[in-house]
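Biologist: I would like to learn how to read the packing in this model. Could you take me through it, feature by feature?

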Amino acid sequence: MSSYQHSFSKKAPPDPGRRVLRLSYISQTQFSEEWNSKLHTHNCAEIFFITDGHGRFRTRREDIPVAIHDVIIVNANVPHTELSQLDSPLTYIVLGVEGLEAIAGVDGYTMLHLLHGWKELMLCLKLMLQESCEALPGYEEICRSLLDVILVRLERQRDLSFSDESAGPRSSREFELVRRYIDNHFKENLTLDQLAQLAHLNKYYLAHTFRAEFGTSPINYLISRRVEESRFLLRETDHTLSLIAQMLGFSSLSYFSQCFRRVEGISPMEYRKRNR
């Protein structure tokens with residue numbers, strides 16, 4: 001295994017103006033035949049930045065494909081592992097962060113595919129690797145500051161937020177959990193009953209209060225996320241409309257077209273023509 005890892009000391013106290021977080025380690029890893037792909041846990045959250053290759057991220061119940069520009073945040077004590085394709089070795093940088101918790105689905109992780117801002121994140125991560133490798137005076141303070149920059153830039157993504165126990169009542173966090181679950185699973189066949197079971201709420205109460213929190217119903221939010229992803233596929237791929245509808249969990253091409261027109265005001269084909 002080709003690997004570099006640096007462990008940070010615990011002597012520096014946290015800045016009172018920051019979150020109570022501690023950067024535990026930064027690691028850069030490329031797949032080799034010695035890779036151990038058994039499920040395991042950590043006592044801190046991990047943030048994976050996939051920098052090259054193709055592989056899969058596995059939890060106890062899910063197995064999802066990952067590739068460059070994917071970011072996976074795994075909460076502490078969540079069993080997980082990474083697997084690589086042999087012909088396209090998986091490479092990633094991972095940060096271990098104590099005190100961090102992402103609002104995630106039932107499996108305790110959330111995943112982003114970054115279309116914008118990837119270059120800037122890589123600059124921060126490469127500087128962290130350089131600082132930790134050289135270990136010059138003040139390097140830990142620089143790395144902690146870069147971690148703050150990375151987290152702020154990640155939180156700009158609509159698919160991610162980090163838990164804050166002082167941010168509001170328990171019910172608000174439950175609705176945020178539902179929203180994040182939709183963000184991570186919008187390609188699946190989700191129902192209001194499933195979402196209510198996830199949050200341990202009555203489905204009618206969930207629908208009413210979710211609308212009050214976010215200005216739309218859970219199902220309409222699900223549709224908007226699918227339409228948002230479909231815009232990217234229409235612009236950047238040559239997939240047929242039928243394949244896009246199938247990939248994004250729409251029950252039929254006609255339902256996809258109907259939902260797209262309701263959100264965008266034009267048909268999917270017209271959108272593709274205008275944005276090519």
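Biologist: At what angle do helix α1 and helix α2 pack, and how far apart are their axes?

Modeller: Two packed helices are described by the angle between their axes and the distance between the axes. Here helix α1 (residues 118–134) and helix α2 (residues 139–155) pack at about 160°, and their axes are 10 Å apart. Axes are lines fitted to C-alpha atoms, for helices over the stretch in contact, and angles run from 0 to 180 degrees between N-to-C directions. Helices (H or I, at least four residues) and strands (E, at least two) are DSSP runs, numbered from the N terminus. A word on the source: this is a predicted model, in which local features need pLDDT of at least 70 and side-chain atom pairs count only at pLDDT 80 or more, while totals for chains, interfaces and linings use all residues. Residues are numbered from 1 along each chain as its sequence is written, and side-chain values use heavy atoms, with hydrogens and water left out.

Biologist: Which word describes how α1 and α2 are oriented to each other?

Modeller: They are roughly antiparallel; angles under 35 degrees count as roughly parallel, over 145 as roughly antiparallel, 65 to 115 as roughly perpendicular and the rest as oblique.

Biologist: Which residues of α1 and α2 meet?

Modeller: From α1, they include Leu121, Cys124, Leu125 and Met128, and from α2, Ile142, Cys143, Ile150 and Leu154; contact means heavy atoms within 4.5 Å. The residues of this contact divide into 13 nonpolar, 1 polar and 3 charged. Ala, Val, Leu, Ile, Met, Phe, Trp, Tyr, Cys and Pro count as nonpolar, Asp, Glu, Lys and Arg as charged, and the others, Gly among them, as polar.

Biologist: How many residues are in the largest nonpolar core?

Modeller: In soluble globular proteins, nonpolar side chains tend to be buried together. The largest nonpolar core here has 31 residues, and Met128, Ile150 and Leu154 are among those with the most contacts inside it. A nonpolar core is a set of buried Ala, Val, Leu, Ile, Met, Phe, Trp, Tyr and Cys residues joined through side-chain atoms within 4.5 Å; buried means under 20% relative accessible area, exposed over 50%, partly exposed in between (1.4 Å probe, protein chains only). At least two residues of this core come from each of β2 (22–30), β3 (45–52), β6 (70–74), β8 (91–98), α1 and α2. Leaving aside neighbours within four places in sequence, Ile150 is in contact with Phe49 and Leu95, as well as Leu121, Cys124, Leu125 and Met128. Another core, of 29 residues, lies apart from it and includes Leu206 and Phe210.

Biologist: How do helix α5 and helix α6 cross?

Modeller: The axes of helix α5 (residues 203–214) and helix α6 (residues 218–236) come within 8 Å and cross at roughly 60°, which makes α5 oblique to α6. Leu206, Ala207, Phe210 and Arg211 of α5 make the contact with Pro218, Asn220 and Tyr221 of α6.

Biologist: What is the phi of Ala135?

Modeller: Phi is near 55°, a positive value in a residue other than glycine. Ala135 is in the loop between α1 and α2 and counts as partly exposed at 38% relative accessibility.
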